[in-house]
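Me: I would like to go through this structure by question and answer, one region at a time.

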Amino acid sequence: MTNYGLVIDQERCIGCHSCAMSCKQENNVPMGQAWNRVLTVGGDHIDTPEGSYPEDGDDGTLEMSYQPTACQHCENAPCVKVCPVNATYKRDDGIVEIDYDKCIGCRYCMAACPYNARVFNWDEPQHLPEEGTGDVEERPQGVVEKCTFCSHRVEEGLDPACVVNCPADARIFGDLDDDGSTVSQYVAEYDTNQLLDEKGTDPKTYYIQGEMSPGRPWKGKELESELDEQPTAEEAGDPDSEKSMQGATADPVWGDD
């Protein structure tokens, strides 16, 4: 059975917020709301480094670490358990969705989510342009909404918008139950972690830290399972492949000056 999940390589992430902007555009997210966020560990505001500036000739300790965050589509999703009207549910493919016709706006799911991944439409949603964006209908006032792994795209055999539009190829989406998929290979072979794994939610989003992976190994919008030819072992990040390791450790090429 298909079980969709996401790997985010934090060593490749450059904090450009393309994932957040792509998500907002594709999913018709209203003004003032965000399903996909890129946090930093240095402060409450975005793009805030941690550490200190150089003083009195000493070296500084400034460091910028990016933490992309959205709905984790947990295996043991607390939001599903607390919804009194079953508006939040988990699909057969593992994606956690919301039935907006059922949602009564009680916000129990927001309180239960340890990742602060949901937003609530307190007011009538506003968009620029006014007619909205993307291929997803506007959600009404008084409901909770969140990331859906772009399920409307997945159903068409396309990767989520944030995955396709990441310029650093830091996001890899696919079937975690398929041992041959790139997403499964990366979870198995790299040092990955899940956010707040001590909560027992078993998130479907995994983060690579410490060693840079080759990243998403193909171009285009298709899901890996929809490709006419599957990525080779080298392209898929096989750790036994010399080419793969070169891709993981080589300096980035920014183009000619």
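Me: Is Q67 buried or exposed, and what is its relative accessible area?
Reply: The model is a predicted one. Q67 is placed in strand β3. Buried means under 20% relative accessible area. Q67 therefore counts as buried, with a relative accessible area of 17%.

Me: With which side chain does the side chain of Q67 make a polar contact?
Reply: Neighbours within four places in sequence aside, Q67 is in contact with Q10, R37, V38, L39, L195 and Y207. The polar contact is 3.3 Å and joins the side chain of Q67 to that of Q10.

Me: Which residue in β3 stands opposite T40?
Reply: β2 and β3 pair in the antiparallel sense, over four bridges. On β2, V38 and T40 make up the covered face, while R37 and L39 make up the uncovered one. In a regular strand the side chains alternate between the two faces of the sheet. The residue of β3 opposite T40 is Y66.

Me: How far apart in space are E50 and L62, C-alpha to C-alpha?
Reply: E50 sits in the loop between β2 (37–40) and β3 (66–69). Residues up to four places away in sequence not counted, E50 touches V41, G42, T61, L62, E63 and S65. In sequence E50 and L62 are 12 residues apart, and the C-alpha to C-alpha distance is 5.6 Å.

Me: Does E50 count as buried, partly exposed or exposed?
Reply: Buried means under 20% relative accessible area and exposed means over 50%, with partly exposed in between. E50 has a relative accessibility of 33%, so the class is partly exposed.

Me: Which side chain does the side chain of N36 join in a polar contact?
Reply: N36 is in the loop between α1 (18–26) and β2. Its relative accessibility is 4%, so N36 counts as buried. Apart from residues up to four places away in sequence, N36 touches C19, A20, C23, T69, A70, C162 and R171. The polar contact, of 3.4 Å, is with the side chain of R171.

Me: Which are the edge strands of the open sheet of four strands?
Reply: The strand order in this sheet is β8-β1-β10-β9, with mixed pairing. An edge strand here pairs on one side only, and the two are β8 (171–175) and β9 (192–193).

Me: What angle does the direction of helix α6 make with that of β8?
Reply: In α6, the buried residues are T182, V183, S184 and Y186. The buried residues of this helix pack against β1, β8, β9 and β10. Helix α6 (residues 182–189) packs on the sheet, and its direction makes an angle with that of β8 of about 110 degrees.

Me: How many aromatic pairs does a search of the whole structure find, and which residues form one aromatic cluster?
Reply: The search of the whole structure finds four aromatic pairs. One aromatic cluster is formed by Y4, F149 and F173.

Me: What is the angle between the planes of F120 and W122?
Reply: A pair of aromatic rings is described by the distance of the centres and the angle of the planes. For F120 and W122 the centres are 4.7 Å apart, the pair is edge-to-face, and the angle is 80 degrees.

Me: Which of the two, F120 or W122, is buried, and which is exposed?
Reply: R107 lies over the face of F120, at 5.0 Å from the ring centre. W122 has a relative accessible area of 55% and is therefore exposed. At 9% relative accessibility, the buried one is F120.

Me: What is the distance, centre to centre, between Y186 and Y190?
Reply: Both Y186 and Y190 are buried. They form an edge-to-face aromatic pair with 70 degrees between the planes, and the centre to centre distance is 5.3 Å.

Me: The backbone nitrogen of which residue lies 3.1 Å from a polar atom of the side chain of S213?
Reply: S213 is in the loop between β10 and α7 (242–249). At 0% relative accessibility, S213 counts as buried. S213 and Y190 are 23 residues apart in sequence and 7.7 Å apart in space, C-alpha to C-alpha. The backbone nitrogen in question belongs to G215.

Terms used: Residues are numbered from 1 along each chain as its sequence is written. Side-chain values use heavy atoms; hydrogens and water are left out. Two strands pair if DSSP finds at least two bridges between them. Contact means heavy atoms within 4.5 Å. Axes are lines fitted to C-alpha atoms, for helices over the stretch in contact, and angles run from 0 to 180 degrees between N-to-C directions. Rings of Phe, Tyr and Trp (its six-membered ring) pair if their centres lie within 6.5 Å; planes under 30 degrees apart count as stacked, over 60 as edge-to-face and the rest as tilted. Buried means under 20% relative accessible area, exposed over 50%, partly exposed in between (1.4 Å probe, protein chains only). A charge sits over a ring if NZ of Lys or CZ of Arg is within 6 Å of the ring centre and within 35 degrees of the ring normal. A polar contact is a pair of N or O atoms within 3.5 Å; within protein, one must be able to donate a hydrogen and the other to accept it, and residues adjacent in sequence count only if both atoms are side-chain atoms.
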